[in-house]
Amino acid sequence: MTPTEKIWHNGRFIRWEDAKIHVLSHVVSYGSSVFEGIRCYETTSGPAIFRLPEHARRLIDSARIYRIDEAKIGYDAAQLAQAMIDLVAINRMKSCYIRPIILRGYGDIGVMPKNNPIETYLACWEWGKYLGAEALTEGVDVCVSSWNRNAPNTMPTLSKAGGNYLSSQLIRMEADVNGYAEGIALDVNGYVSEGSGENIFVIRDGKVYTPPLSASVLPGITRDTVVTLMRNLGIEPVETNIPRESLYVADEIFFTGTAVEITPVRSVDRYKVGSGTRGPLTAKLQEDFFGIVQGRVEDRFGWLTPVPAAVEV
């Protein structure tokens, strides 16, 4: 990670190296944070943040689920969105990854967090392709993980919470140890859920399937983006339970997410997916997606928020 100059903390810009928390902050012991991952793309008209209002809203929603309301944060979604625009501008980024974090800070050390202060940080830095640049064209080899996603009513998967990603770490580490780029988790009923940090789509005989939110998946913003692009092509994806074995007979599979964008899967558990290369629908969706985010085609859905020239603070 290459540091940038400034990080936003509770309404003011501080130096990157000054963004520190106490080791006994509540978040360290209990994972009590919510966060977002947002990409700012270099377009033909300058930097632009992808689906910023939706990300800011999900951040506030995630916090609310954990009883951190806007009054405790001190900022609403629109104010945090503007702060992220300012962050990219002050750091003079052409493109970057943005990480907003809302966490419970230093105070009481018990599980009950009501007396712990709420800290909000916004950071950005350059970050390339999550699974490697070649993954977008060649696809990735993945496995079905031995680790299942949480059962309903255990930990809320609609919240993008730091503690949820302990599960993701286990999935990703197990995949890595066994020679795979990523893992796919099943839900408590044994149906396909999602990757360690990605939603998943499965294509068979021209039909597109994706797990429902009830399968313990995060309501991905890139997932929603792809659904919109497919509908624009006249394809209506089906939200349904997907048996594990469907992965082994699929014509195409791809991941979606802010980090992976739209990444094809070329094999699952050593079963080749389709021809073992990026499929035609995946390629078409990538073409439409990158055309918009790079400013090469009209932003007909209003997904890009332009970032103005650098500001001084």
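Biologist: How many helices and how many strands are there in the chain?

Modeller: This is a predicted model, in which local features need pLDDT of at least 70 and side-chain atom pairs count only at pLDDT 80 or more, while totals for chains, interfaces and linings use all residues. Residues are numbered from 1 along each chain as its sequence is written, and side-chain values use heavy atoms, with hydrogens and water left out. Helices (H or I, at least four residues) and strands (E, at least two) are DSSP runs, numbered from the N terminus. On that basis, the chain holds eight helices and 17 strands.

Biologist: What radius of gyration does the chain have?

Modeller: The C-alpha trace spans about 55 × 50 × 30 Å along its principal axes. The radius of gyration is taken over C-alpha atoms, and the globule rule is 2.2 Å times the number of residues to the power 0.38. For 313 residues, a compact globule would have a radius near 20 Å, and the chain agrees with this because its value is 20 Å.

Biologist: What percentage of the residues of the chain count as buried?

Modeller: Buried means under 20% relative accessible area, exposed over 50%, and partly exposed in between (1.4 Å probe, protein chains only). Of the 313 residues, the share that counts as buried is 52%.

Biologist: How far apart do the centres of the positive and negative side chains lie?

Modeller: Lys and Arg count as positive and Asp and Glu as negative, while His and the chain ends are not counted. The place of a charge is taken as NZ of Lys, CZ of Arg, CG of Asp or CD of Glu. There are 32 positive and 37 negative side chains, and the centres of the two sets are separated by 2 Å.

Biologist: Which side chain makes a polar contact with the side chain of arginine 58?

Modeller: Arginine 58 belongs to helix α2, residues 52-65, and counts as buried because its relative accessibility is 10%. A polar contact is a pair of N or O atoms within 3.5 Å; within protein, one must be able to donate a hydrogen and the other to accept it, and residues adjacent in sequence count only if both atoms are side-chain atoms. Contact in general means heavy atoms within 4.5 Å, and beyond four places in sequence arginine 58 has such contacts with residues including Lys160, Leu218 and Ile221. Its polar contact, at 2.7 Å, is with the side chain of glutamate 36.

Biologist: Valine 34 and which other residue are 126 residues apart in sequence and 5.6 Å apart in space?

Modeller: Valine 34 is part of strand β3, residues 33-35, and at 1% relative accessibility it counts as buried. Not counting residues up to four places away, valine 34 touches Leu59, Tyr66 and Ile101, among others. The C-alpha to C-alpha distance of 5.6 Å leads from valine 34 to lysine 160.

Biologist: What is the C-alpha to C-alpha separation of lysine 6 and alanine 123?

Modeller: Lysine 6 lies in strand β1, residues 6-9, and is buried, with a relative accessible area of 18%. Leaving aside neighbours within four places, its contacts include Phe13, Trp16 and Leu87. Lysine 6 and alanine 123 are 117 residues apart in sequence, yet their C-alpha atoms are separated by 7.6 Å.

Biologist: Is tryptophan 16 buried or exposed?

Modeller: Tryptophan 16 lies in the loop between β2 (12-15) and α1 (26-30). Beyond four places in sequence, its contacts include Met1, Lys6 and Trp125. Its relative accessibility is 18%, and therefore tryptophan 16 counts as buried.

Biologist: The C-alpha atoms of lysine 129 and which residue are separated by 8.4 Å?

Modeller: Lysine 129 is placed in the loop between β7 (118-125) and α5 (135-138). Its relative accessible area of 34% makes lysine 129 partly exposed. The residue in question, 132 residues away along the chain, is glutamate 261.

Biologist: What phi does serine 216 have?

Modeller: Serine 216 lies in the loop between β12 (207-210) and α7 (221-232), and counts as buried at 4% relative accessibility. Although serine 216 is not a glycine, its phi is positive, at about 65 degrees.
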